[in-house]
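This briefing is meant to be read alongside the sequence and the 3D view.

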Amino acid sequence: MWRVVQLFCECIQESANVKTIKQVPPTCLLCVFVCFQLFLASMAFVFFSKAFGGAYMKSSITQIERRFDIPSSLIGVIDGSFEMGNLLVVAFVSYFGAKLHRPRLIGIGCLIMAAGSFLIALPHFFQGLYKYETSVSHSTDINSTASILPCLSNHSIWQTDMTPNQFLNRTCEKAAGSSMWIYVFLGNMLRGIGETPIMPLGVSYLDDFAKEENTPFYLACIHTVGILGPMFGFMLGSLLAKIYVDIGFVDLDSVTINHKDSRWVGAWWLGFIVTGTIILLSSIPFWFLPKSLPKEGQEQSQSKSTELTTVAEQENFLPDENQDHEEKNKPVTFQELAKDFIPSLRRLFKNNVFTLMILTHLVAVNGFIGMITFKPKFMEQIYGQSASKAIFIIGIMNLPAVALGIITGGFVLKRFKLGVIGAARVSIAASFGASCLLFIQIFLHCDTAEVAGLTVSYQGVPQVSYNQQTLLSQCNMGCSCSMKHWDPVCAHNGVTYASPCLAGCQTSTGTGRGMVRQSLFPSSMNMSAVLGQCPRRSNCDFMFKIYMTFSVVGSFISACGGTPGYIVLLRSIQPDLKSLALGMQTLIVRTLGGIPPPIYFGALIDQTCLKWGTKNCGGRGACRLYDANKFRMTFLGLITGLYFLSNMLWGGVYRTVVKRQKKLTLRNQAKENGLEGNTVDNGHANISIGKNKEDADNESTI
């Protein structure tokens, strides 16, 4: 067995020194084929793994927000820490990594990602049991099932809502809303650092050693396998969102809330242990891959009819510059590499197509990141879906549509042999179609949840303005209720009350989730209320199905432009700058398109909050209820605006590409005319000098 491995390694080392597949010794052809297939499989698996971990992080945002009792703006900072990690190292990894052993750098990145996932789960083991917010008990054992009186007439509002003393402040430092979220922040940043080499180094490695016409298909296959990662990530998030955070440590029968409650926290920490293990396994194959491989299919002549893969076409979309950059030997020392870094950046950003593509992706990613981060919360607040169901639906419906769209875009490119202009047209059409469907979704919504004193009055009349003082009414005036706590109950009339006390409840019967609150209304009729918010009206299910139809179709159409857009980027840059270009794209897009959106989306969403939760120590916690109309207009309106701006930028990209295409056509026509006019049949050489500035690259033709 060891001899087989040794022979395999010798074949790889010998094959790595040749440039074409023709020069590979016949005995080593199988080794090269196995290596290339192993690389493709490894790339697909690592794309799956990183997407699996990233999607699970997105699906756990709501659970983390509730567990640490933090607002949406702060959870946006935590979510953006992944891109912050990319920002620290992406430029250096992309440039210097292209000169080093790219597969091993990817393996090291996977190890760092796995460590980050394990670090995110760490706070659960030091934080203590989760004590959810409730208004019916102020004892240290909040989860107690002892019989209690919801209405405490001997307390005053001032006593109930007063500022906590120093002892409670010290207790609060160790509570759910403490600084333990910093571990999640740092772990997510480590994930971002580890993910950095995968995209620029992996894609450039593939494009360097694969046949040019096969690159779009390989990329589409890898991304399609990778899209299974978010599917499984969201499905895992949905499953764990139904499992109580302290499972195995508390008696679940004593828990008075269920997974549909806005205070519920699932076993978010368990998923990061699973994703960390998967990412760790994905690093193994990269340690056995060679630094370089022979070019696939290099010996075959390129077809003139294949618009996408001709060398002339790629030269068309490269800025005019001295070709010595491609012919001279690459520097080998670190000092020479560092000295060449700034000139390489200058060459890169002189490329107009590359610059416009960066701006286009930047705007589009702003809208996409904001949407995917808060879409589960949007579905929960607007359509009354539980966090678990919202996450599951995204994973089982939206993500398969995205996978199908990605593979469809790659198939269209290969089937119709589309070049850069054709790829740009496909991307523009897909972006515009997705924007139109997104705009329609703004007008789809359900009736607002009926919460007494917040969205409707105690008589069932919709509220014109929201004020905390409207939480008080005749039925609860004598109960001295706290207006800070959120412990919702559903009354017989289908209206939700913020707490049993505000519902006028004076007694309680039962334990756990089966507890029933008894109230005595002014009509002297005994009424009861059950724990939790009231379900939405039946027509909400129909509206939600329509919304999901538009959402799924829009996801498919948008994804169809993904692979063509990537091809436009790849074909617009010099081969020696490919890794640097992909790295700089990752740096800029993730810095300005990945970090700010969760923060400003979260801050704007916080402005639509109607009822904030209360921490154990009395401070403001996570939001429990939003103004549905303001939330919808803010969330979808902002995304739609960003997508339409992206469409306008795509128009600029297309005009630039067409202009360069016309430039190449005129250059080729002038070259042909020059050859026809100056060719002599007497056997003597004829020299024509190109005087046009556009012919600078072809100074003379013999």
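Helices α5 and α11 run roughly antiparallel to each other, a term that applies to angles over 145 degrees, while angles under 35 degrees count as roughly parallel, 65 to 115 as roughly perpendicular and the rest as oblique. The model is a predicted one, in which local features need pLDDT of at least 70 and side-chain atom pairs count only at pLDDT 80 or more, whereas totals for chains, interfaces and linings use all residues. Residues are numbered from 1 along each chain as its sequence is written, and side-chain values use heavy atoms, with hydrogens and water left out.

**Helix packing**

- Two packed helices are described by the angle between their axes and the distance between the axes.
- The axes of helix α5 (residues 102-121) and helix α11 (residues 268-282) come within 8 Å and cross at roughly 165°; axes here are lines fitted to C-alpha atoms, for helices over the stretch in contact, and angles run from 0 to 180 degrees between N-to-C directions.
- Helices (H or I, at least four residues) and strands (E, at least two) are DSSP runs, numbered from the N terminus.
- The crossing of α5 past α11 is left-handed, a label used if the near helix is turned anticlockwise from the far one by less than a right angle, and right-handed if clockwise.

**Disulfides**

- A disulfide is a pair of cysteine sulfur atoms within 2.5 Å, and by this rule the count comes to three disulfides.
- Cys446 is joined to Cys540 by a disulfide with an S to S distance of 2.2 Å, and the torsion about this S-S bond is about 95°, so the link is right-handed.
- Cys446 lies in the loop between α18 and β1 (489-491) and Cys540 in helix α19, so this pair ties together parts that are 94 residues apart in sequence.
- Cys446 and Cys540 are both buried, where buried means under 20% relative accessible area, exposed over 50% and partly exposed in between (1.4 Å probe, protein chains only).
- A disulfide also joins Cys490 to Cys534, with S to S at 2.0 Å, and the link of Cys490 and Cys534 is right-handed, with 110° about the S-S bond.
- Because Cys490 lies in strand β1 and Cys534 in the loop between β5 (526-531) and α19, the pair ties together parts that are 44 residues apart in sequence; both Cys490 and Cys534 are buried.
- The sulfur atoms of Cys609 and Cys623 are 2.0 Å apart and form a disulfide, which is right-handed, with 100° about the S-S bond.
- This pair links Cys609 in strand β6 (residues 609-614) with Cys623 in strand β7 (residues 620-626), 14 residues apart; Cys609 is buried at 14% relative accessibility, and Cys623 is buried at 9%.

**Other cysteines**

- Cys110 is buried, with a relative accessible area of 0%, whereas Cys221 is partly exposed, with a relative accessible area of 26%.

**Aromatic rings**

- A search of the whole structure finds 23 aromatic pairs; rings of Phe, Tyr and Trp (its six-membered ring) pair if their centres lie within 6.5 Å, and planes under 30 degrees apart count as stacked, over 60 as edge-to-face and the rest as tilted.
- One of these pairs is formed by Phe378 and Tyr547, which are tilted, at 5.8 Å centre to centre and 50° between the planes.
- This pair links distant parts of the chain, with Phe378 in helix α16 (residues 352-383) and Tyr547 in helix α19 (residues 539-560), 169 residues apart.
- Phe378 is buried at 0% relative accessibility, and Tyr547 is buried with a relative accessible area of 2%.
- Phe378 and Tyr547 belong to one aromatic cluster, whose members also include Tyr383, Phe544, Tyr600, Phe601, Tyr626, Phe631 and Phe635.

**Charges over rings**

- The charged end of Lys50 sits over the ring of Phe47, 4.9 Å from its centre, under the rule that NZ of Lys or CZ of Arg is within 6 Å of the ring centre and within 35 degrees of the ring normal.
- Arg415 lies over the face of Phe416, at 5.5 Å from the ring centre.

**Positive phi**

- Most residues other than glycine have a negative phi.
- Asp69 has a positive phi, near 50°, and lies in the loop between α3 (61-67) and α4 (72-97), where Asp69 is buried at 10% relative accessible area.
- Lys417 also has a positive phi, near 50°, and lies in the loop between α17 (387-415) and α18 (420-441); Lys417 counts as partly exposed at 41% relative accessibility.
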